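Subject: Model handover

Hi,

Here is the model for you to look through. My notes follow below it.

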Amino acid sequence: MRTRREAARVLRRTVGDAIRAQPRAVARAAAWSAVEAVPTAVFGRAVGEAVDAFRTGRTGEAASWLCVLAVAAAAGAFGSRRLYPALAAIVEPFRDDLVRRVTDGALRRSLRGRPDTGAVARLTHQVEIVRDTFGGLLVVVRGFLFATGAALIGLVSLMPEVALLVVPPLVLGLLFFGAVFGAAAVRQRALVVGEEEIAERTTALAEGLRDAVACGGEDTLREELGAAVEAQAAAGRAVARFAALRAVSLAVSGWLPLLLVLAAAPWLMRRGATPGVLIGALTYVLHGLQPALRTLVHGMGGSGLRLAVTLARILETSAPAPPAPPDAAEPVADAPAVELRGVSFAYGEGARPVIEDLDLVVPHGDHLAVVGPSGIGKSTLAALIAGLVSPTAGEVLVDGLPPGDPERRVLIPQEAYVFSGSLRDNLAYYAPDATPEQVERAADEVGMARLAERLGGYGAQVVPADLSEADRQLIALCRAHLAPQPVVILDEAAYRLDASAEARAEEAFARRPGTLIVIAHRISSAARARRVLVLDGTRAQLGRHADLPAVSPLYRDLIGRWNSEPARLLGDPDGVDPVLRADLAVDAGQMVADGADRQDEVLGDLRRGRAT
Amino acid sequence: MTTLPAASPVAGANRLLLRAAGRARGWTALVAAAALADAAAAVLLPYALARAIDAVPPGGAPAAAAVWPCVALVVASAAAEVLSELATGCAAARSTAWLRHTLVRHVLAVGPALRVPPGDVAGRVVGGAAEAGVAPAAAPEAAVGLVPAAGALVALFLIDWRVAVAIAVALPAIALLLRAFVRDISTTAHRYLTVQGTIAGRLAEALAGCRTIAAAGTADRETGRVLEPLPGLRAEGETMWRVQGGIAARGMLALLLLQIAAVGVAGAELAAGRLTPGELVATVQYAGLAAGFGPVLTQLLRLARARAGAARAAEILALPAPGHGTETLPSGPGRLDFRGVTAAGGALDGLDLTVPGGLAVAVTGRSGTSELAALAGRLADPDRGEVLLDGTPLPDLTRAALRREIGYAFARPALFGGTVQDALAFGPSRPPSAWLRESARAARADGFIRRLPRGYATPLADAPMSGGELQRMGLARAFAHAGRVLVLDDATSSLDTVTELQITDALLDRLADRTRLIITHRASTAARADLVVWLEDGRVRALAPHAKLWRDPEYRALFGGAG
């Protein structure tokens, strides 16, 4: 939203839609607004008549006018009370809709990779700003229209000539207000954006304070943040200038009619106005028009701008069209579980490919481990097989079909997902029809029965924040084990588990029918696998754990370093990379003895594995 | 360690607000002048109007002399309002900016000793400072705000004391009525926020699990789960509106009845000949003015929030910031001396250690290692004892000399700058880009950086990094600025062993002449250092090569493998 026209359009479109969506509520709101405005319409007339009556000694008549006014006041208050539920019926569905949009949009955008963490703030903060300002605007604009209308009706009933004096300056002032509104909206937006920038920079600075000081970069950061603060002060001054312009428009529409009526008083008197009529006219301006104008200008000035700006920001980040689900197709007979043909992938134009020209066949029932140094593209490979990213060249097939069908494969990523709900619901995420016995059996298999007991059984509510990373990963693993999908991809899904727990879980998966692909964090995962794919950035090699050291220097390195580094240096007999116990979760390379001696034949082959 | 003082420093908050107001002196004075002018005009105008109305004889010519004061007062009031808007905004902008500058400067000066959560710091700098910045304008507005109401009561007494008494009696009832509303609204608002928090919590969970949801194709199901409490939110929302409707209705009724009463009482006086018609109009207006203490309450509320914002700022400003000396460093090998150092609540306890210059020295132990690392480059000061670099106590050095000579790499580095290249260059001076790339190569970061969408020019925001990649960025940054001493605080813990080995090679070859203090929990890293410092119970248990220490089963037990 850069121009006043865009600001106006955003307001017109979304707010207009919201109002049109609830015609019955709008009708009710209009009706009760009219009732609410009754005292405004009656006030000047009643005061004027009462004054004339008091002046001429007709006290009884004056009293009855005041009674009329009191009745009108009671009616107005009643209308006001009934009005708000009608307004709620317009605003609350609109708020519901925004909450849905933000949630849906955030989830969908996050599917492409990084979680949209700003969405929570949008949900709690920005949606509430819209609700408050939209509601406020309805109250203010609607109130202004009805109060002004009522005052004008009262003026006309009093003496039509007075209305002629009041309307032109009123309209003039409002036109001026409308003219500066758009430009002011742009300034206000700068203020909101600037605030977000300062918040972001300050958070980053506070989070990295140790690094900032250790690098001696305080001056750089202070200058950058200082510039943002100064820009924000300038934006604040610009907004203040527009607020001053708003006050000018208020003076024109609110005060000028008053002076005109006063100046024209003799003329009005000549045309038959009594002092009561004059007083009634002034009362309409002072107690009808002026308060309505004041709330309009201040309300629109602040909240109207905020509404336009915040709405635009929510809509900027609203839901894109959901991707079309892949057609349900029958698996191609005799096709391998997973097949990659000449697959390359890079994260952007001109970026060096992460994976280049990779061929891979994973037959049904295979157990493949993928190893390689960190950042070499193992997770990218997992995402390609799962169909979460598309190759820049080549083809990925699962059961002979394009990947991405959630019915065919399960991907468990590093960051295990556990939600607030019962443990059973969490475990049966992929298998909603699983029986309690099946759930318990899967839990026993992967080794989470003790955890289930600790959490209070399968029916207990899980509080994700109370769980350790390892607990969460165990739940995710059990969930995958229970899944009916034939292909399971574990992307370092057990790296927070200690080595023996990881071994137990992986062995459970090896026993499970179906195809298993493990992105390995520890070399022990490779030792357990039937076959191993070694990625080293320039080459990919496929083979058995026992055979690979002979052909892959990197694999030799991986085994040597992860496995027997101190042994080589110092003759340590255990052949284990010693690691501080406190750090076990991050790096523990214990071997599982029987993993290396699988006698299974190496199935399939790597036809080509070349890069750069 | 510096934590926030428990009591809120009220005096500090007031002092801070005064200083902030001083920064916006001119604008604040203008706010006060405009508020006074506006208040005076508001009090005088009903009287002038009354004179003008009464000056119009039925069918006669107007007394121009009676209309002109009205014109003058209206113009004065309008002008005051325009100036007040301008001055209020500008005063707030200036004092907010000053507060923010002051806070940021102090946060940087306190440094890593600051133990305030980052979101909290941002809250104080953004929201807190903005609220505090309002004070210079809100204070004069609040002070002057009672003038119209008081003036109106005085004017009423001057016009007719009976009317004044009637209105003065009615006012407290209105005040009581308004107070009850505030209570109603805050309980419903609280329930609304609770439901909203539930939805936000579910969304945050789902976002954290976005990869799982993406892979499982369950986005629709998750949306449904997150939005499950939405009907409850609607119900609470509608309750809030009902409460508000009650408030609006009662407020409206109260004001109208007050005005009707004013007309009635004044009308009786008019009938008795003690009041003119113009004075009756003035009476109704004065009744409204006298009941108009709402704006004062608003300003007082803003002032209270400003005080709270300033108190939050003052808490930060009250934290002690370490000073720096004036000495630059004579040339030397980079020898570090720790003399009788006690720090971090006893994590280090009377530690004596000399780290010889130009060697790679590993530091290991069950505790105290990170504390030692922080002391080595004065990221923290010891409670007792001193740390010297080539014979000069660290506090005597200028900040520039200190940071030039001692560099750091951390386990979880924070990166600053627009692009990846800027992040590597971050520091007191900007190394040439060829040198940055050379450092990135040494830290094994060059490979993944070049795989980013725009290589070294990739904006940091578009370069999501794993823990290992982040560590290599931190190492590259440290290599690029390396001075006499390089402290690696567990800086390779997330790397696989091959990459770590390659980086250790770079440390041994390329930076062979620097003093390298390497905090590690891996035996393989310790094995490759020249010496190992073994910390135990806050002191040095041994200082020797790894091979020699390895014979000690207790040393081996430290690494778990041989225990």
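How many Å separate the centres of domain 1 of chain B and domain 3 of chain B, taken over C-alpha atoms? The separation is 52 Å. The bounds come from an automatic or database domain assignment. For chain B it gives domain 1 as 1-160 + 284-320, domain 2 as 162-274 and domain 3 as 336-558.

Some ground rules. This is a predicted model: local features need pLDDT of at least 70, side-chain atom pairs count only at pLDDT 80 or more, and totals for chains, interfaces and linings use all residues. Residues are numbered from 1 along each chain as its sequence is written, while chains are lettered from A and ligands numbered from 1 in the order in which they are written.

**Chain-to-chain contact**

Chain A puts 134 residues into the contact, and chain B 138 residues. Contact here is C-beta atoms, placed from the backbone, within 7 Å. On the side of chain A that touches chain B, 80 residues are nonpolar, 23 polar and 31 charged. Nonpolar covers Ala, Val, Leu, Ile, Met, Phe, Trp, Tyr, Cys and Pro; charged covers Asp, Glu, Lys and Arg; the others, Gly among them, are polar.

**Helix pairs**

Helices (H or I, at least four residues) and strands (E, at least two) are DSSP runs, numbered from the N terminus. Axes are lines fitted to C-alpha atoms, for helices over the stretch in contact, with angles from 0 to 180 degrees between N-to-C directions.

Helix α4 (residues 59-110) of chain A packs with helix α9 (residues 230-271) of chain B at about 165°, axes 8 Å apart. α4(A) and α9(B) are therefore roughly antiparallel, a term for angles over 145 degrees. Their contact residues divide into 23 nonpolar, nine polar and seven charged.

Within chain B, the axes of α2 (residues 25-55) and α10 (residues 277-291) come within 7 Å and cross at roughly 160°. So α2(B) and α10(B) are also roughly antiparallel to each other. Among the residues that meet are Tyr47(B) and Leu49(B) from α2(B), and Val281(B) and Tyr286(B) from α10(B).

**Sheet in chain A**

Six strands form an open sheet, order β5-β8-β9-β3-β10-β11, with mixed pairing. Pairing needs at least two DSSP bridges between strands. β5 (409-412) and β11 (540-543) stand at the edges with a single partner strand each, so one side of each has no neighbour in the sheet. β10 (residues 531-535) and β11(A) pair in the antiparallel sense over four bridges. There, Val534(A) has Gln541(A) in β11(A) as its bridge partner.

Best wishes

How values were computed
Parallel < 35°, antiparallel > 145°, perpendicular 65-115°, else oblique. Contact = placed C-beta atoms within 7 Å.
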